[in-house]
Each structure stands twice: as structure tokens, then as C-alpha cells.
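Please look through the sequence and the 3D structure shown here before reading on.

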Amino acid sequence: MIQHFPVMAVMLLFLGAFLVAIFGRISPFIRDGIAILTATISLILIYALIKPVMIDGQIISYWMGNWEPVEGYAIGIGYEVDALGLFFGLLVVTTFWLSGIYSLGYLKKDANKMHYYTLYLMLSASVLGLVLTGDLFNMFIMIEIMTFASVALTAFRNKQDIALEAAFKYLVLGSIGSSMTLAGVALIYRVCHTLNMAQISSIIGGQFNLTTIMAFGLIVSGLCVKSYIVPFHTPAADAYTAAPTSISMIFSGMVNKAGVYGIIRMVYVVFRAMDRSSLQTLLVVFGAVTMFVGVTMALAQHDFKRLLAFHSISQIGYVITAIGLGTALGLNAGLFHAMNHTLFKGLLFLTAGAVLTATGTTNLDKLGGLSKKMPVTTVCFLVGAFSISGLPPFNGFASKWMVYQAIYEKASSSGNFLFAAATITALIVSVMTLASFIKVTQAVFFGQVNPEHSEVSEVPFIMQLPMVIMALLCVATGLFYNKVQEFLLAPAAKAALSVTNYIDRMMGEGYAESAGVADILWQPASFSFWNPLVWLVLFVVIFLAVYIAIATGRKNRGAILENGGAYDPKYATFFSGEQEEFSQVGGSDLFWGFKTDWKGYYKVMQGLHSGIVTDYASYIVMAAAVIILVMFICMR
Amino acid sequence: MLNITNILMLLFFVLVFPGALFTSAVGLWLAGVDRKVVARMQHRIGPPIRQPLYDFLKLLGKETIIPHAANKTVYLGAPIVGFISLAMIMLFIPIMGFTAVSGSADLIVILYLITIPGVALIVGGSSSGSPYAGIGISREMVTMMAYELPFVLVLLAVARKVGGGALVFSMQDIAAWQAANGSLLFHWSMIPAALAMLLVVPAEVGTQPFDVAEAETEICEGPLVEYSGAPLGLFKLNTAMKMFVMSGLFTALFLGGLGTGIVALDALIFVLICTLVVILCISTIHAVTARLKIEHLFKFYWTFVAGLALLSLILVWCGL
Amino acid sequence: MLKKFIDDSALKSPWIYHINTGSCNGCDIELVAVLTPRYDAERFGFKLAGTPRHADIVVVSGPITSQSKERLLRTLAQVPEPKCVVSLGSCPRSGNVFKGSYSIEGPLEKYVHVDVSVAGCTPKPEAIMEGLYKAAQILKEKREAMKK
């Protein structure tokens with residue numbers, strides 16, 4: 001029974017997409033009903049796999065049409081769900097379910113909602129299929145569906161100029177990525193005569209010849225386009241900004257992660273190349289550059305969603321750096337950060353959407369003072385902002401800590417100064433992340449209310465609900481990260497490292513051994529250093545103590561006064577004696593000293609982000625060439 | 001593990017020594033010494049050393065006005081959060097041999113906990129809704145970015161020096177290593193890092209010439225512009241505590257291992273060394289310099305100070 | 001007990017906020033002289049605050065011009081209790097040589113209760129010191145009276 005769940009979850013979503021397209025016109029209720037119902041069932045099906053896969057350590061395999069391997073060759077399409085795939089599957093279903101709920105409230109004013117839900121279900125199904133499949137060509141097909149659904153959704157609000165432009169860029173650049181993947185898959189098929197990932201893994205066996213290196217380089221470059229690693233990141237910024245916010249959330253929570261999943265699957269399982277220091281260095285350098293460029297570009301933005309888009313790029317840099325270390329701890333940290341990124345970035349996109357719904361703009365220079373109008377959104381935003389900046393006790397702190405520890409441990413044991421530089425970059429990027437979220441906090445939620453927005457009110461409950469769930473998840477995964485580690489991360493990381501099981505489950509017991517495949521040793525990482533729960537208790541205790549001290553001192557203390565209603569100069573903002581007026585220190589006004597000192601850097605960056613598709617395409621091709629060249633030189 | 005004695009011990013650690021009470025008492029003492037020393041250097045008599053305490057108590061007795069543009073919860077909660085995190089940092093810093101809480105990776109906890117008072121100040125100031133505060137938080141954040149790079153480099157250099165090939169982030173191990181091999185300040189490859197750290201301390205605390213964020217003569221005390229009464233007093237207390245935490249961190253990183261083994265005596269020595277550090281790197285610089293501009297501050301930290309720290313890191317990396 | 005400490009501290013840490021309402025700058029310079037090493041008001045805990053929200057003593061110099069009147073009143077309203085108002089020099093007291101001018105709306109007493117008035121054109125730093133110290137004592141009394 002249970003082995004049908006993964007394929008049912010994927011197929012149900014595809015079915016839902018067609019049903020919405022056919023019957024969606026009848027009534028909005030049927031349309032929304034089909035979309036939410038299929039999303040919910042698929043969520044339940046995937047969550048039901050936690051027990052067997054994560055806890056009992058099973059690997060679920062499923063041959064489509066019961067087409068099992070013939071004479072030792074896997075011809076049919078196989079689904080294979082190990083803990084790594086399920087880990088990403090859980091992220092995917094959680095994200096698209098919350099996004100679906102959110103869209104119910106968010107899309108109030110849009111036309112063509114039927115198209116939206118059709119594409120939304122296609123996108124969800126393709127990403128879910130991508131992370132659950134065990135077939136390389138099936139993976140490519142899912143990438144294609146994902147890319148084209150994303151392109152169409154980017155252009156969904158096509159009344160904005162930016163939407164079509166972004167969709168066009170996405171289309172061209174995404175197709176380059178897909179083509180590279182396809183070329184790689186074709187080369188692999190030529191060498192291995194199979195498309196099943198388990199079998200490819202055992203045939204290649206971590207030994208490379210010229211064809212497989214070429215294939216490896218092409219596939220990794222193609223997946224880099226999907227995960228938006230600098231310099232492949234260029235379509236991301238526009239697409240995230242132009243797409244409806246519920247879709248931006250899916251982009252950063254799922255589409256992005258699909259690329260990351262693909263990279264992990266390729267380098268750890270299919271090609272098993274992570275023991276090579278050249279590949280480690282390559283990935284860590286790309287990761288470090290990605291996080292640095294992402295965050296510095298984010299600091300310069302003055303659009304809420306665009307800023308978040310560049311942060312998505314930057315945080316993926318952390319993930320790539322961590323998984324590029326090739327150690328158990330690094331992989332663990334990378335997975336944890338990928339998960340946290342899905343949670344907090346999704347949350348932040350949702351708050352951006354709430355601001356957009358309430359005020360009609362995401363321009364950081366025009367907003368301000370919304371904290372009194374939108375208290376729930378503000379609290380959720382602050383949770384997300386503190387999480388992404390890595391302040392304790394939120395989840396970002398736990399995962400970033402693991403990342404730092406993993407990189408610096410690697411640096412210490414290998415003595416490679418490049419890794420130490422990556423540690424420094426990671427720590428500095430964290431502060432810059434904090435800075436850019438302080439900028440958003442000041443420019444959107446605090447400060448003074450723009451007179452244009454004096455009538456703004458909080459978003460409806462259906463939009464608050466996903467935000468609150470995500471905020472609670474952010475806090476919970478930060479506080480109980482030991483449980484997360486035990487039930488989700490450790491199985492997933494272990495699954496990525498124990499290739500033998502993966503091959504055997506698919507191709508039959510003993511197949512891997514006969515092909516001479518051995519696992520990378522899994523060492524459980526120890527994280528006894530920080531027990532957030534105890535510290536939370538302490539935090540509460542001190543808070544109480546301070547409160548008691550203040551309360552008992554009430555007789556002696558000065559009163560706390562608040563403005564009653566009528567205007568009173570006593571409560572007015574201090575303007576050196578002048579009459580109070582609207583004067584908000586907005587997004588572009590902040591961090592002046594920093595921007596002055598970095599003028600040269602930003603000039604170069606501005607030149608590089610020219611907005612011309614041919615430029616961007618050339619970056620992608622050049623970077624792919626570099627990756628392939630490095631592989632040719634170092635991996636033979 | 002969590003029996004009643006342990007909880008009581010923990011509470012004592014958190015509330016009295018070396019937590020809230022001890023930290024604030026020593027912080028106020030250091031702030032008083034700082035003001036007195038600066039006054040003497042400028043040929044003034046200066047306020048009594050108890051002066052910061054008087055300031056704090058007086059502010060408790062004043063009215064607290066919440067401006068109508070402010071978000072009340074954040075406005076009142078921010079200083080308390082800053083206070084709590086500062087009291088908690090002292091639990092991780094070994095007072096010579098004695099640590100209240102030990103772990104295996106304390107340096108990064110400290111690095112992050114130390115940013116929280118700054119973030120509290122920024123968020124609190126931002127929530128008050130004043131444009132002066134807006135400019136103030138912008139400068140505070142740039143200052144934070146400025147000193148964070150050298151700070152991180154110093155911490156990594158120390159971790160590498162103590163750990164060698166292995167990974168050591170634990171303050172306790174650092175203290176133990178120094179007890180065995182002599183204080184880090186006396187290893188010549190660490191001297192540039194110590195100098196860099198001495199320059200990080202005043203920026204973190206926010207004293208002249210690095211008080212661009214709270215420049216009272218140009219932007220009306222920046223983030224604190226709308227604060228009055230008890231919350232303002234708490235912020236002033238936080239600044240004083242930061243002085244102790246930062247000088248204590250310097251002492252623990254570079255002059256650890258000088259303890260005698262008796263906790264009370266160790267604490268006394270620790271406070272004395274902290275006082276010296278404060279006089280050296282806060283008061284002296286304060287007395288002889290004028291306030292920097294924010295872009296100069298940033299450049300100074302990312303070139304000169306970070307260069308010193310990087311020099312140390314490279315030396316240590318080469319095994320010196 | 002705590003109340004007594006707080007009341008005593010009111011005397012020992014008075015922070016000054018200075019408003020110039022059209023003064024000729026003479027009194028302002030003398031006020032600054034009070035803070036310099038020669039007179040060093042900081043030994044009594046006096047400190048120049050940057051914003052009225054932090055202030056205990058508001059020092060007003062100048063004859064209250066019609067331009068500055070509103071700004072003065074607004075700023076005075078923003079000072080938290082307990083507070084003292086000190087008029088510095090002859091101008092806020094009487095208008096001094098500017099008296100009768102179309103643009104003068106003084107004296108200060110018309111708008112706010114003045115606790116201490118330091119006379120002179122300009123007053124000597126010693127006199128300003130004494131005035132400020134008296135204001136600090138009044139501050140303490142006000143603080144004691146506040147929570148009766």
C-alpha cells in the first residue's frame with residue numbers, strides 16, 4: 001500500500017491541474033475546492049511516509065506500470081523515495097499547501113484564477129515528482145515542466161511591465177539550463193545505456209572518463225541554473241519580484257530547493273564525486289561568492305520583494321557551501337539550512353505579499369509605520385527577519401551555526417585557507433543580512449505612516465494563517481532542533497551518504513556490492529553545545545524577574561504615559577521644536593556610509609546586472625564552461 | 001539533570017553572579033571609572049565614580065513618555081531584551097578559571113548574543129518613529145557591520161591558535177589552553193589580533209570617537225531620541241554592561257589563565273584587568289579624539305583593524 | 001528605601017537641555033563655559049542632553065521671539081516630569097534691550113512656571129552654576145512631592 005503513496009501524490013496533483021482546467025469555469029468554489037483538496041491529499045500522502053522512511057529507515061521503490069528491470073537493465077521509470085528525497089518532498093508539500101491557502105485570500109482582485117490554479121498544481125506536481133523520482137530522464141522532464149510552469153506564473157500578472165520581461169528572461173535562461181541538463185543526460189545514456197539513477201551510480205562507480213566528466217559538468221551546470229547560484233542567478237531577481245507573492249514563495253521554497261536537491265543527488269549519489277577536493281573547492285567557492293554577491297545586491301535594493309529575492313540567492317550560497325564540504329556534518333548543516341530557508345523565506349515572502357495586498361506597493365521608499373496597522377504581519381516579519389539573520393533562539397541560528405562549524409572544521413582539518421575565507425564570508429554575510437532586514441523593518445514596519453496609507457488595515461484571516469503557521473515553525477525548529485536533527489536531518493544526510501542501500505533497493509540485493517560500490521562513512525554529528533530550551537526558560541525567568549522588579553517599584557518609578565486620543569504636543573515626535581510632519585527615513589536613505597565606501601563595487605555590480613538577456617546568457621555559458629573545465633583538469 | 005539544586009544554582013548564576021546583578025554592578029563601576037578618567041585627562045575633577053548609578057536611578061524616577069508614533073510593545077520591550085542577553089553573555093565568559101555554563105562552541109554563541117543588544121537598540125529606536133532615530137539606526141547598523149569583520153577574524157585567529165588542526169570554539173578550552181601555555185597576549189603572533197580587539201571594544205560599546213550612532217550634538221542621540229525614564233535608564237545600563245562584557249571578553253581571550261583558583265579572588269582580578277582594559281581602550285581614546293564620520297569609521301575598521309586581525313590569522317595559519 | 005535612593009539621585013544627576021529663543025549667544029557661551037574644565041559642572045553630575053526627552057532642567061536663554069515661541073512651548077511640553085525651567089540672563093526675564101520690539105513675545109513667565117532665574121547680561125559662570133544647583137534641589141523636592 002505504502003509504496004503507492006509517492007506516485008499517487010504526484011499524479012493526483014497533475015490530475016488536479018487538468019480537472020481545474022476543465023471544470024474550473026463552472027464556479028469559483030469548484031475551482032478552489034479541487035486545488036486545495038488535491039494539495040491537501042497530496043500533503044497527507046507525503047506526511048504519511050515520515051514514519052516508514054524517516055524513522056524506520058525504509059526506502060520506497062515503485063516501478064511505473066510494474067516495469068521492473070529486465071536482464072539487469074532498468075528500462076522502466078522508477079520512483080525511489082529515500083530519506084533525502086522525502087526530506088525535500090516534505091519541504092515541497094508544506095510550501096505549496098501553505099501557498100495554496102494563502103492564494104485564496106491573496107488573489108482576490110486577479111482575473112484568470114483558473115489559469116493560476118492549473119499552473120500552480122502543475123508546478124507543485126513537477127517539483128514533487130522531481131524530488132521523488134529515481135529516473136534521470138524523468139527528472140529532466142520534471143525540470144522542464146517546472147521551468148515552463150514557472151515562466152507562465154511569472155507572467156501571471158502581465159499588466160505590470162516587469163512581468164513579461166521577467167518571464168522572457170526566465171524562459172531564455174531557464175531553457176539554457178534545461179538544455180545543458182538534457183545534453184548531460186544524453187551523454188550519460190550513451191555511456192550507461194540506462195537512465196535509472198541507482199544503476200548509473202553503480203556503473204559509473206565514482207570513476208570518470210571524458211564523456212562522464214562532460215556529462216557531469218553539464219548536468220551540474222544545468223541544475224545550478226535552477227538553484228540560482230551566482231552567476232546563474234540573474235533570472236531569479238526579476239522573476240521573484242514579478243510573480244504573485246504566493247508563487248515567489250514557491251520559487252524560493254521549492255523551485256530553488258529542487259535545484260539544490262538535484263545537485264546533492266548528483267554529486268553525492270549518482271556520480272559520487274564528493275571525496276574529491278577539487279569539486280569541494282569548486283562548490284565552496286561558488287557558494288561563498290553566491291552568498292556574498294546575493295547579500296550585497298540585496299543591501300542596495302529598494303523593493304521589498306526584490307530584496308527578498310536576492311536574499312534567497314544569498315542563503316542558497318550557504319547551502320551550497322555547506323554541502324560542498326563533502327563531510328557528514330556539512331551535508332547535515334546544508335540540509336538544515338535549506339529547510340530553514342524554505343520556512344523563513346516563505347514567511348518573509350508572505351509578509352511581503354500581505355504588505356502588497358494592504359497597501360498596493362512594495363517600494364521601500366513609500367512605505368512606513370505599518371506596525372500599528374498590521375500587528376500580526378509585523379510580528380511574523382520580525383520572526384522571519386531574526387531567523388534569517390541567525391539570531392538565537394530562532395532556527396536560522398541553529399543551522400548557520402552548524403554551517404560555520406562544518407566549514408571551519410573542514411578548514412582546520414584540511415589546512416586550506418580558502419575554507420577559512422569561506423567561514424569569514426559566511427559570518428560577515430550574516431551581519432549584512434541582519435542589516436538589510438533592519439532596513440526593511442525601518443522602512444516598512446516602523447517609522448512614520450505614509451499619509452497615503454492612513455486607512456490601511458490588517459489582511460484577512462486566511463492570509464494570516466499561513467504566516468502564523470510558518471512563524472511558529474520557525475520558532476519550533478529553532479527550539480527543538482535536536483528533534484529535527486534526529487528525525488529529519490540525520491536520516492536524510494545518512495541516506496545521501498549510504499549509496500549502497502539506494503542501489504540495492506532498486507536493482508536487487510547485492511547489486512551494489514557486485515559493482516564495487518562502497519558508502520561514505522556516516523559520523524553522527526554531536527550538537528550538545530546549545531540547548532535552546534533551557535535558554536528559553538532562562539529568558540522567561542529573567543523576563544519575569546525584571547517584570548517583578550518593575551512592578552514592585554511602581555510606587556517609586558515614574559509613570560508610563562500614553563497618548564489618550566486628542567493631539568498633545570507632549571506625545572509628538574521630537575522635530576527640534578518644529579511642528580510634526582511626515583518625514584520617513586526610508587529604504588534608500590539607510591546605510592549611507594556603507595554605500596559610499598562600496599561605491600566602486602556597486603558600480604561594477606550594476607554594470608554586470610545590465611538586464612540584457614544576452615549578457616545573462618553569456619554569464620551562464622561562461623560559468624558552465626568554467627565548471628566543466630575545472631572538472632576536466634582536476635577530476636580525470 | 002534538572003533537579004532542584006541545579007535549578008537554584010542556575011538561577012543564582014543568572015540573576016546574581018556572574019549574571020545580571022554582578023554584570024550591571026561592574027558595568028556601572030566601569031562606566032564611572034571611564035567618566036572619571038576622561039575627566040582627569042582633560043584636567044577636570046569629574047563626576048564621582050557612582051555617577052552612572054545616580055543617572056540610572058534618576059531615570060527610573062522619571063516619567064516614561066510613549067510618543068504616539070511609537071509601537072508600544074516593541075518600544076518598551078527592546079531594552080529589556082538587550083539587558084537579558086547581556087546578562088546571559090557573562091555566563092559564557094570564563095572569569096579566569098570559573099565558567100558558569102560550559103559548552104563546546106561558545107565563541108559563536110557570544111558573537112551572536114553580543115549583536116542582540118545592538119539589535120534591541122536598533123529595533124527600539126526604529127519603533128519610536130522619529131527620523132532622528134532612523135538616521136541613528138542606520139549609522140548603528142553600519143558601525144556594527146564595520147566592527148564585525150575584525151571581530152570575526154580575531155575570534156577565528158584565537159580558535160585556530162588554540163585548536164591547531166582541530167576545531168576549538170569553546171571559551172573554557174581557550175582558558176585551559178592559556179593556563180597551560182601562557183596568555184595569548186604573550187604569543188607574538190597574536191599581538192596584532194589583540195590590538196584589533198582593543199579597537200573593536202570601543203566601537204561595540206559605542207564610545208567616542210565611534211559614537212556616530214548616538215551623536216548627541218548632531219542627531220539628538222540617534223536611536224534614543226524619543227526614549228525617556230526607565231527604558232532610557234535600561235539602555236544606559238546596557239551600554240555600561242556592554243563595557244564589562246567586551247572588556248571581559250578581551251580579558252578572557254587574551255589574558256586568560258592568570259587565575260588563582262579561588263573564585264572571589266579571580267573575580268576581583270578579572271574586574272581589575274577589565275578596568276585597565278577600559279581605561280586603555282575606551283577612556284584614553286575618548287579623551288584624545290573627536291567623533292569620526294560614519295564612512296571613515298567603516299573604512300578604518302575594514303582596512304586597518306581588519307588588516308591587523310587578518311595578519312594575526314595568517315600568521316597563526318602558518319603555524320606561528 | 002528605593003524611593004529615597006531615587007529621590008537623592010534626582011539631585012545628583014540633573015541633565016540639562018538648552019533652548020536658545022533669540023539670544024545674542026552671550027549667555028550660551030557662558031553656559032558652555034560652565035561645562036569646560038575650568039568650572040566643570042560635570043562634577044555635580046550635570047550633563048548636556050541632546051533631546052528634551054532626556055532632560056531634567058531646561059535652560060532658556062533669549063527674549064522669546066515670535067518665531068521661537070511655538071517651538072519653545074512644544075519642546076517644553078516634551079520634557080518628562082519632574083522637570084525644572086531655568087531662565088538664563090536678563091532676556092527671558094524682562095526682554096532686556098529688546099523689550100518693546102514687535103517681534104518679542106516675552107517674558108518667559110507668561111508661558112511657563114520658571115523655577116530659577118539667573119540674572120545678568122551675561123551672568124557669570126559662577127552664578128549659572130549656583131542657579132543650576134538650585135534648580136537641581138528644586139528638582140529633588142518636586143520628585144519627593146510627586147509620589148506622595
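This is a predicted model: local features need pLDDT of at least 70, side-chain atom pairs count only at pLDDT 80 or more; totals for chains, interfaces and linings use all residues.

The C-alpha trace of chain A spans about 85 × 65 × 50 Å along its principal axes. Of the 636 residues in chain A, 59% are buried, and among the contacts in chain A with a separation of 6 or more, 80% are between residues 24 or more positions apart.

Chain C can be described in the same terms, with 5 helices and 5 strands, which run in the order α-β-α-β-β-α-β-α-β-α from the N terminus on. Its radius of gyration is 15 Å, close to the 15 Å that the globule rule gives for 148 residues, so chain C is as compact as a globular protein of that length. The C-alpha trace of chain C spans about 55 × 35 × 20 Å along its principal axes, while buried residues account for 53% of the 148 residues in chain C. Of the contacts in chain C between residues at least 6 apart in sequence, 82% join residues at least 24 apart.

From single chains we can turn to the place where two of them meet. Here 62 residues of chain A are in contact with 67 residues of chain B. On the side of chain A that touches chain B, the elements giving two or more residues are helix 16 (395–414), helix 17 (417–445), helix 22 (532–552), strand 3 (560–562) and helix 23 (592–597) of chain A. Helix 17 of chain A provides the largest share of that side, with 13 residues. Sorted by class, the side of chain A that touches chain B has 37 nonpolar, 19 polar and 6 charged residues.

Helix 7 (residues 161–192) of chain A packs with helix 9 (residues 210–227) of chain A at an angle of about 155 degrees, their axes being 8 Å apart. This angle makes helix 7 of chain A roughly antiparallel to helix 9 of chain A, and the crossing of helix 7 and helix 9 of chain A is left-handed. The contact of helix 7 with helix 9 of chain A has 14 nonpolar, 9 polar and 2 charged residues.

In the other pair, the axes of helix 14 (residues 328–359) and helix 18 (residues 461–479) of chain A come within 9 Å and cross at roughly 150 degrees. Helix 14 and helix 18 of chain A are therefore roughly antiparallel to each other, and their crossing is left-handed. Among the residues that make the contact are Leu343(A), Phe344(A) and Leu347(A) of helix 14 and Met467(A), Met470(A) and Cys474(A) of helix 18 of chain A. By class, the contact of helix 14 with helix 18 of chain A has 12 nonpolar, 5 polar and no charged residues.

How do helix 8 and helix 11 of chain B lie relative to each other, roughly parallel or roughly perpendicular? The axes of helix 8 (residues 191–205) and helix 11 (residues 263–288) of chain B come within 9 Å and cross at roughly 65 degrees, and these two helices of chain B are therefore roughly perpendicular to each other. The crossing of helix 8 and helix 11 of chain B is right-handed. Their contact is made by Leu198(B), Val201(B), Pro202(B) and Val205(B) of helix 8 and by Leu280(B), Cys281(B), Ile282(B) and Ile285(B) of helix 11 of chain B; by class, it has 8 nonpolar, no polar and no charged residues.

Some details of the backbone remain. The peptide bond from Val230(A) to Pro231(A) is cis, with omega near 5 degrees, and Pro231(A) lies in the loop between helix 9 and helix 10 (234–242) of chain A. A cis peptide bond also runs from Cys121(C) to Thr122(C), with omega near 0 degrees. His43(B), although not a glycine, has a positive phi of about 65 degrees, and His43(B) is exposed, with 11 other C-beta atoms within 10 Å.

How values were computed. Residues are numbered from 1 along each chain as its sequence is written. Chains are lettered from A and ligands numbered from 1 in the order in which they are written. Axes are lines fitted to C-alpha atoms, for helices over the stretch in contact, and angles run from 0 to 180 degrees between N-to-C directions. Helices (H or I, at least four residues) and strands (E, at least two) are DSSP runs, numbered from the N terminus. Angles under 35 degrees count as roughly parallel, over 145 as roughly antiparallel, 65 to 115 as roughly perpendicular and the rest as oblique. A crossing is left-handed if the near helix is turned anticlockwise from the far one by less than a right angle, and right-handed if clockwise. Two residues are in contact if their C-beta atoms, placed from the backbone, lie within 7 Å. Ala, Val, Leu, Ile, Met, Phe, Trp, Tyr, Cys and Pro count as nonpolar, Asp, Glu, Lys and Arg as charged, and the others, Gly among them, as polar. A residue is buried if 20 or more other C-beta atoms lie within 10 Å of its own, exposed if 12 or fewer, and partly exposed in between; C-beta atoms are placed from the backbone. The radius of gyration is taken over C-alpha atoms; the globule rule is 2.2 Å times the number of residues to the power 0.38.
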